[in-house]
Amino acid sequence: MKRRAIISVSDKTGIVTFAQGLVELGFELISTGGTYKVLDEANIPVKYVSEVTGFPEVLGGRVKTLHPLIHGGILARDIEEHRQQMEQNGIGFIDLVVVNLYPFRETISKPGVSFEEAIENIDVGGPTMVRAAAKNHGRVTVLVNPKSYEEVLNVLRETGTVSAGMRKRLAAEAFAHTAEYDRLIAGYLERQLEPVGGFPRTLRLTAQKVQELRYGENPQQKAAFYINSEAALGSLARGKQLQGKELSYNNWVDMEAAWKLAREFDSCAAAIIKHTNPCGAALGNTPLEAYKSALASDPVSAYGGIIALNRVVDGPTAEAIKECFYEVIVAPDFSPESQDILSSKKNLRLFAVGRGENDRVTPRLMLKSVDGGYLVQEVDRGTTPIDEWEFITQQKPTENDLKALDFAWRVVKHVKSNAIVITDHRQTLGVGAGQMNRVGSVKIAVEQAGEKTKGAYLASDAFFPFPDSIESAAQAGIRAIIQPGGSIHDPEVIEAANRLNIIMVFTHRRHFQH
């Protein structure tokens, strides 16, 4: 009995070569719509589905394959009862189903797409065939991914059949394909009913495993990296490693922290991260200038850190970076000259994030797992613009002060709370991170900055509950402080700032990062 395959694909990648290989192996091909046209124009013998069903394509293409002569051929088991029924009804076995679905994700991603166009790009016949074939994988092979074509052809050429184990694996992949498709549709429809800022009724998570990592935070913990199927171009997950050892779990965590800080700025910026906190961050007229200033913030802690730059890494910057030991460099891209320079450091990982339409866009929601569930919150996007700050002390900031405070405020957003950052106009001088009380964070930042605190700027991610931190800042020579405000002791804190002749600004926005 001649084997039959039905082919109906939205993604035509590799389909002509695969179909030709099936014909050479003796398969009879059935197809529909655009796929039929592609195969026919390639002079590959193929039957249009209506030749098999005896029923025309109707309802503007909505009904093509939904027919017993198709689904009976897919769902039939190779048992006597089914063989008799198929013979009585003129149904032939279909042994191979090659289907991928209407481009729903691509459709709803287009600017200004109408609801009607989105609905028309919901595939019905395709998922039905995929699910039928996957259910009957004991006999039928189902393919939804062009990457599997060559493997299946090779197996058919070598053994004449697809093994039960491979059919089961392909069936699991097929069900995952339709599950992700349904998830996208459900999410799209729910968004039509809910306000844009609302939380979904059902949290649907779909991600593909990219690689297993050597271990997690510690050697006794296993770990892997998964990519969100909706990750945009320009996101960290869509980036590409250009050289170096495999990335570890801790590398990914620190890369995320570094990249978020570097892209906080429109100006050329560099950040050096250790254990998710910046040991240095700076602006510069060039990537080299930004990097050198970030390194000068704390060259001791920078050893073994992760660098992020929001500009392409060029040759001079690469030469400077080469002089120190780092784990990873993250940037939009690397010039050929910089790659050549850094290629001698075989273990150094170069990670090019790339650029896309959404390269400044972060996900709307962020998740944290807890025992038995998930916490979901909005991403802390942006910060309070300068024109919304409140100048609450007698001494008011100058334009230069505002620029320096804005830099400090953007950096402190990316430091673990309780967070204190001391800066000049373009460079961090001292960072106090993750302390159990704010006085401790101030003390660490002041000690790290040393004599550079004279005339410097201090940012706090949350309000000062008491005047003691203001007094410590004054003793160190801090010129101006930026903080959210909101404490019941704000009047005492403001009074201390006035008494100590310190400029203080309230943003009325907190940036806790636990």
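Which residue in E4 is the bridge partner of Ala5?

What we have here is a predicted model, so local features need pLDDT of at least 70 and side-chain atom pairs count only at pLDDT 80 or more, while totals for chains, interfaces and linings use all residues. Residues are numbered from 1 along each chain as its sequence is written, and side-chain values use heavy atoms, with hydrogens and water left out.

Confidence next. pLDDT is the predictor's own confidence in each residue, from 0 to 100. The protein chain has a mean of 89, with 95% of its residues at 70 or more. The stretch to watch is residues 357-361, where pLDDT stays under 50 and the model has 11 contacts beyond four places in sequence; contact means heavy atoms within 4.5 Å. Where pLDDT is low, the predicted coordinates should not be read in detail.

Okay, back to the opening question. The partner of Ala5 in E4 is Leu96. When I say helix or strand, I mean DSSP runs numbered from the N terminus: H or I with at least four residues for helices, E with at least two for strands. Two strands pair if DSSP finds at least two bridges between them. E1 pairs with E4 in the parallel sense over five bridges, and E1 is also parallel to strand E2 (residues 28-31), over four bridges. On that E2 side, Ile7 stands opposite Ser31. To get from E1 to E2 the chain goes through helix H1 (residues 15-24), a right-handed β-α-β crossover. Right-handed here means that, with the strands pointing away from the viewer, the path from the first strand over the helix to the second runs clockwise.

How enclosed is E1? Six of its six residues are buried, so the rest of the structure largely encloses this strand. Buried is under 20% relative accessible area, exposed is over 50%, and partly exposed is in between, with a 1.4 Å probe and protein chains only. In a regular strand the side chains alternate between the two faces of the sheet. In E1, Arg4, Ile6 and Ser8 point one way and Ala5, Ile7 and Val9 the other, all of them buried.

E1 turns up again around helix H4 (residues 68-75). The buried residues of H4 are Leu69, Ile70, His71, Gly73 and Ile74. Their cover includes strand E1 (4-9), helix H3 (49-53), helix H5 (80-89), strand E4 (96-100) and helix H8 (125-135).

Now the other sheet I wanted to show. Six strands make an open sheet with mixed pairing, in the order E8-E13-E12-E11-E9-E10. At the edges sit strand E8 (240-243) and strand E10 (277-283), each pairing on one side only. Strand E9 (residues 269-274) runs antiparallel to E10, with six bridges between them, and Lys274 has Asn277 as its bridge partner in E10. Helix H12 (residues 287-297) packs on this sheet and touches E9, E10, strand E11 (305-309) and strand E12 (326-331); its direction makes about 140° with that of E10. For that angle, axes are lines fitted to C-alpha atoms, for helices over the stretch in contact, and angles run from 0 to 180 degrees between N-to-C directions.

Finally, Ser417 and Asn418 are joined by a cis peptide bond, with omega about 0°.
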